[in-house]
Amino acid sequence: MIKFLKNTLILLLLLFSSVSYAIETADSILNKINSSNGIEKIRARFEYSYIYRRNDKNTSLEHAELALKEIRENYPNSNLEAEGIYYKALPIYYDHKYEEALDLFVQSVSLAKKWKDHHLLGNIYFFMGSTYYFHYGDTDETFRYYNLCIEHSILSDNYRILGAVYSSLSNIYRGSGAYEKALELAYKSKENYAKANFREGLAWAAYTMGTLYYSVGLPEDAKDLYGEALSEYRILAKYSGINTGIAICLDQLTNVHSDLGNVDIARAYNNESIGLYKKQSSKAGLSVALNNKALLENSIGNSQEALELLDSSRVLKLEIKDVISLAGLYQNYGKILISLGEYDSAEDSLIIGLNYAKQHNQNKHLVNINKLLSKIYLYKGDYKKAFFYKDNQANLADSITSAKLTKSMVKLENIYEIESKERTIQNLEEQNKLKDESLKREFVVRRLLTLVLFFALTILALLVYFFIEKQRANRKLAESKKHVDEINATKDKFFSIIAHDLKAPFSSILGLSNLLVKDFDTFDKEKSRELIYAINQSSKTSFDLLNNLLEWSRSQRNTIPFVPEVLDIDSLFENIKELLNSNLEAKNINLRLNPHGAKVFADMNMMHTIVRNLISNAIKYSKLDTEIVVDYKIESDKIVFSIEDQGVGISSENISRLFKVDDQYYREGTSGEKGTGLGLIITKEFLEKHGGEIWIKSKPGLGSTFYFSIPHK
Ligand code: ADP
């Protein structure tokens, strides 16, 4: 149920969209012609011309000619010209001006060939084939052009024209009695129209199939198929306004119902058909409908009227040079004249019909005409002739049922030619498919190879990368080993210096104390005190040195705890001043502290050592009665401290030696104070632990300023 609803909905949507689309089509194309330019405009003119090719030949011709003019002016020597000529030929063809149309088709073909426009060639060859069949009755040429049509249409996937050419061929085979082949071709036609999604074509295929069933004596089936085609054409006509499809179905339904004895229904269909043809002023159509009306009237005894109707039909057929249906027409004359008892006139008509039928290989007509002729001679009592025609009839009927004979009559070679062409084209298609597949395979292989190559290159790149990385790591290792070696060498040197430095005070302590032990009694009190004082000084020096050494080694081993905290700078300075007061007094030095009430985030003990070292150095190397200024400045990211003295100063050459462990530079203070040469090294290390720096500005003889910074948080 749901599926049914869904399908119905889809169908309705499709119908609605196609109806509204078609209503808009002609108008919107006209709009496009008026609003566009260049090739777009030309294409729109083609479309417009095509729509009206049958029903408004003047409009159709006008737009095709305008398009051609625009092409020749603006796009000379382009493939558009071939198309333009083709579109111009169509209304002329439908206007039954076959010579003129054929001329144009030939012109178009020679241009289309130059551009290898298979689609267009397929179209043109179809019309050329049809021209030769319907209007010259030349089956050889017809088959030749239909063959070419099939060839080019398959090459260009022109399914629509394939649908048309197969249906035309089906009709030709049907006319010659090759019903099986006709049926096969009718199916092919339907298949191609379906592929082209061409609704009108599908209606036409149902019609073709109906005619085939009618010919083999299955009017019921034919009636259904014509009915199917008719309702489809009625839907299409609602929005195309083109009633030709309806009319041809009405014609066939007239005949079928007439045969089935449904005279009223047949007449209704016939009247509707005549009305439509008159409205369209279609001579071809009207000639068919009048012919049908004649048969209908004759079947109910209105033979005189029937003959008049046939006359009208014949006049029209001759006007439009419809030679192919003349055999049928004269056969009908014969039939009616026989029913009127006018055997001589009937005989004349049938002989004319016989010649037309022979000329166009219309076997079905030949059989019927022979049958009627035999009948006439039978009535006339000419049994010899009656037998002759009866015999002809029987042979022809045989040939229709016998596939072998039929084929020979309808140009066997043509059938094979078509079939072999189809096979060649199929082979070509298969070859193309194979080629496509091998190309596809090649593509896949190429892609795989590219992938493999890509991976191989990636792996190679990785290997190279790892190799370089390893080399770099080795180099780094070698470098750091060199660095460690250097540090070790530096430390070795440092220890040898320290050992040497320690040796001096100890030798003096030992020497002096030895002297005291050995010759104590010989020394007076003053001399003894002098010696003891010297021993004390040396002990102090070595103690200081040991102390500094210990502190440095702890700092080196990172065993000194680093606990930064917020310290009040001014009070730190005050404390140290207090501590060093006696040293300041001894040299009568004024230590000026510039307080700013700021705090620093630092380790208390380290900060204390740093400041004490620098101030005591300043005192040590200051002259008597001078001033030392301690100050600090707060910058955006750090606090910069300065200790300025008016002492001996340091040459820039010696400044660069100050912080080197393996090249200790030191001198005695201004009052002969001894140094260790380690104080500044320890100071620098403690500062580095805080992320700070130390630098010096000094002029020998004038004084030094020691600066250091601590990051400000
Ligand atoms: P010490 O002072 O124990 O010798 P330091 O490492 O503190 O060791 O100082 C190393 C050397 O730097 C000193 O011997 C001295 O020559 C020089 N020096 C340090 N401070 C000053 C200063 N304020 N003025 C002049 N020279 C200084």
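A polar backbone atom of G677 lies 3.1 Å from an oxygen atom of the ligand. The model is predicted, with local features needing pLDDT of at least 70 and side-chain atom pairs pLDDT 80 or more, while totals for chains, interfaces and linings use all residues. Residues are numbered from 1 along each chain as its sequence is written, and side-chain values use heavy atoms, without hydrogens and water.

**Exercise 1.** Describe the surroundings of the ligand and how much of its area the protein covers.

Solution. 
- Step 1: 20 residues surround the ligand, the closest being N617, Y621, Y666, R667 and T676; a residue counts if one of its heavy atoms is within 4 Å.
- Step 2: A polar side-chain atom of Y621 is at 2.8 Å, and an N or O atom in the side chain of K620 is at 2.9 Å.
- Step 3: On its own the ligand has 530 Å² of accessible area (Shrake-Rupley, 1.4 Å probe), and the protein covers 96% of that area.

**Exercise 2.** In which sense do strands β6 and β7 pair, and over how many bridges?

Solution. 
- Step 1: β6 (residues 693–699) and β7 (residues 703–711) pair in the antiparallel sense over seven bridges; pairing requires at least two DSSP bridges.
- Step 2: S704, in β7, is the bridge partner of S698.
- Step 3: Three residues lie between the strands of this hairpin, and G701 takes a positive phi near 85°.

**Exercise 3.** Is S36 buried or exposed, and which polar atoms does its side chain reach?

Solution. 
- Step 1: S36 sits in the loop between α1 (2–35) and α2 (38–51).
- Step 2: With a relative accessible area of 8%, S36 is buried (under 20%; exposed is over 50%, partly exposed in between).
- Step 3: The S36 side chain reaches the backbone oxygen of K32 at 2.6 Å.
- Step 4: A polar atom of the S36 side chain is 3.4 Å from the backbone nitrogen of K41.

How values were computed. Helix = DSSP H or I, 4+ residues; strand = E, 2+ residues; numbered from the N terminus. Polar contact = N/O pair within 3.5 Å; in protein donor to acceptor, adjacent residues only side chain to side chain. Buried < 20%, exposed > 50% of the residue type's maximum accessible area, 1.4 Å probe, protein only.
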